[in-house]
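Have the viewer open while you read, as each point is something to click on.

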Amino acid sequence: MFAYQLRIAWKSLKRSPVLSTLLVLGIALGIGVATAFVTTYYLMARDPLPDKSTELFHVQIDNWRPEVPWDEDRPEEPPDQIAYPDAVNLMASDIPTRQSAMFKASLTVHPEGEGKRPYRAMTRLVFHDFFPMFEVPFAYGGPWDDAADRDAEPVVVLDHETNLKLFGGEDSVGRKIRVEDRDFTVVGVLAPWRPTIKVYDTTQSEFQAPEELFMPFNLVRPMEITTAGNTSGWKGYSGDEFEDFLQSETIWIQMWVELPTAETQAAYRDWLDAYTREQQSHGRLPREVNNRVRNVLDWMAAEEVVPDEATTLLVISLLFMIVCSVNLIGILLGKFLARAPEVGVRRALGASRSSVFVQHIVECELLGLLGGVLGLGLSVVALGLINRLLSDVTAEFSLDWKMVLAGLFLSLVAGLIAGVYPSWRICRVAPANYLKIQ
């Protein structure tokens, strides 16, 4: 029966191609806008590490001044980064399965070859646990080992684009590159990796691309590497020496730990509070104990990764789709009522109101699906424009199969909104009004 109704609906659309095209375009416009912004919101809000988001935790310690909070708008919040002394001390804990302090720097790479000029590369200094913690994919090689972390060995992991630039994309494990004033051995090359949310460091932009180079955190001292990320502090430090900066209360380091069980999570929180009280006994951390150990999703919520503007645009786009559908009600009503004599004859021959209603709903849903397919194409164009406008700071927004299904679902909803009232009106037509007695 459904196949018959679908065939009748298709014939009806072909009978008035101009009007049908207008209806399809109206739905496509609403679906294109709605799907583009639903996709943008979905990619911002989705879990970036679904297999590990409940096991990875961002660590915060309140080392701010005693008189005022770090964020006066949210006085309950501790700083979003930690100081170097705390990073070193926290890395001594044996409770986490994995852990890594980290920060971003900008270092000079000196490519080999005549005519190749040095350039600045965004670099992340991490411990080797960083890579399995955040499921970083490798094309060649892998992370360095514990010894490289401990001894601050000059080893480096390249991202896919840097390996392509320096070595033509071949397996460069074991090759040398010069960074700043020393030679580094390549131990790993990443596969193409562009997470939508840069969850491990949201201090500047959660939509920035990952860094180009990765090297051991403990190189910070021998190379005197300064951060290219956010820094803030309340307590001055004496002298201009790099060591004075390291020992200051300036915050510039992100700290993540992997705690796979509820027991380890509780134990780590207790350990962190005990560490804070111990530091207070030495004259540091003058505020009340106010530590935070947040998993990935809680950290994203605290950092407001999904901006209010994205939510607003999502609601507006859905309302726009509804408006587009409502505007088509009058056109469909006129189209359906024009065939009232035909429907009257069918009713007189025994067709029920429900069968007439369903037939016209099927036609509306067919229009919706056709508009949805075209609308998905328009949403791809819209997402391409968004990517071009935000190319400097964001990962790529694109449709996946879930968003394709969401777009088709919205198209069915749009067809239903546009078609329910006209279908109800035509099925209420009295047959006698259109039957002539000779």
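The points below go from ground rules to helices, rings and backbone.

1. Ground rules. This is a predicted model, so to speak a computed one: local features need pLDDT of at least 70, side-chain atom pairs count only at pLDDT 80 or more, and totals for chains, interfaces and linings use all residues. Residues are numbered from 1 along each chain as its sequence is written, and side-chain values use heavy atoms, with hydrogens and water left out.

2. Helix α9, at T276. Start with T276, which lies in helix α9 (residues 262-280); helices here are DSSP runs of H or I with at least four residues, strands are runs of E with at least two, and both are numbered from the N terminus. T276 has a relative accessible area of 2%, so it is buried. For that word the cut-off is under 20% relative accessible area, while exposed is over 50% and partly exposed is in between (1.4 Å probe, protein chains only). Setting aside neighbours within four places in sequence, T276 is in contact (heavy atoms within 4.5 Å) with I61, L285, V289 and N291.

3. Helix α9, at L272. L272 is in helix α9 too, and it is buried because its relative accessible area is 0%. Now try a distance: L272 and F336 are 64 residues apart along the chain, and their C-alpha atoms are separated by 70 Å.

4. How many aromatic pairs does the structure hold? The count is 20. Rings of Phe, Tyr and Trp (its six-membered ring) pair if their centres lie within 6.5 Å; planes under 30 degrees apart count as stacked, over 60 as edge-to-face and the rest as tilted. F130 and F131 make an edge-to-face pair, at 5.4 Å centre to centre and 85° between the planes, and both residues are buried. F134 and W256 also form an edge-to-face pair, with 5.4 Å between centres and 85° between planes. That pair links distant parts of the chain, 122 residues apart: F134 sits in the loop between α4 (130-133) and β5 (138-141), W256 in strand β10 (residues 251-258). F134 and W256 are both buried. One aromatic cluster takes in F130, F131, F134, F138, W144, W193, Y200, F214 and W256.

5. A lysine over a ring. Look at K165: its charged end sits over the ring of Y119, 4.1 Å from the ring centre. To count, NZ of Lys or CZ of Arg must be within 6 Å of the ring centre and within 35 degrees of the ring normal.

6. Two glutamates with positive phi. Most residues other than glycine have a negative phi. E135 has a positive phi of about 50° although it is not a glycine, and its place is the loop between α4 and β5. With 38% relative accessibility, E135 is partly exposed. E304 likewise shows a positive phi of about 50° without being a glycine. It is found in the loop between α10 (296-302) and α11. Is E304 buried or exposed? Its relative accessible area is 55%, so E304 is exposed.

7. Helix α11. Finally, V315 is in helix α11 (residues 308-327). V315 counts as partly exposed because its relative accessible area is 44%.
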